[in-house]
Amino acid sequence: INAEYMGMLYGPMAGREIVPVPIRIHAIVLNTTPHFDTDGGCDPYFQIFQRDINNPPTQLLAYNSRQKKKPKHFVKQARITLDINPPVLVRGDVKVCFFDLDPVGANDPMFHFWVNTSFLPENRINLKKSELDGACKDKKDEQYDKAFSVTVLYNHGPRG
């Protein structure tokens, strides 16, 4: 986790206990199609990690969409909905990493983001291109449209 994220998250909470709130992520939506392939499309898949509460530097893999089903190819879609069935239960610091499946050579990292489930609004969060590590560096809109964003859809899970 980068120092800026830690400062934003934990600076105002110094001295207070943060109780991780469980959520069940059931879909991630890409709003517009990233351009990673020669036809202007992509074959997205993602991994969800959560920080090990007992060993904070460690990230545990909670979900890998590529292990569930082969990534589909998308070109010029206004919205790409990637369902998670059954929904994945996570809590605390959560990192989501997106990749483009490349049939020849190594898969391309696309972008990633961190959220803390204790501070999420009800049911959904939308992250703009400027809030996505990797995508925010595309200032000329070559790989991501100016309006690109990601929406995470979830329900609050059982506490305990």
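Q: Why does cysteine 97 count as buried in this predicted model?
A: Its relative accessibility is 11%. Buried means under 20%, so cysteine 97 counts as buried.

Q: What makes cysteine 42 buried?
A: The relative accessible area of cysteine 42 is 0%. The cut-off is under 20%, so the label applies.

Q: How many disulfides does a search of the whole structure find?
A: The search finds 0. A disulfide needs a pair of cysteine sulfur atoms within 2.5 Å.

Q: Why do β4 and β8 stand at the edges of their sheet?
A: The open sheet has 4 strands in the order β4-β3-β7-β8, with antiparallel pairing. β4 (59–64) and β8 (108–116) each have a single partner strand, so one side of each is left without a neighbour in the sheet. Neighbouring strands of this sheet are turned by 25° against each other on average, direction ignored.

Q: Why is serine 149 called buried?
A: Serine 149, in strand β10 (residues 149–156), has 8% relative accessibility. That is under 20%, so serine 149 counts as buried.

Q: What makes the side chains of serine 149 and asparagine 126 a polar contact?
A: The contact is at 3.4 Å. The cut-off is within 3.5 Å, so the distance qualifies.

Notes: Residues numbered from 1 in each chain as written. Predicted model: local features only at pLDDT ≥ 70, side-chain atom pairs only at ≥ 80, totals over all residues. Heavy atoms only, no water. Helix = DSSP H or I, 4+ residues; strand = E, 2+ residues; numbered from the N terminus. Buried < 20%, exposed > 50% of the residue type's maximum accessible area, 1.4 Å probe, protein only. Polar contact = N/O pair within 3.5 Å; in protein donor to acceptor, adjacent residues only side chain to side chain. Pairing = 2+ DSSP bridges. Axes fitted to C-alpha atoms, helices over the stretch in contact; angles between N-to-C directions.
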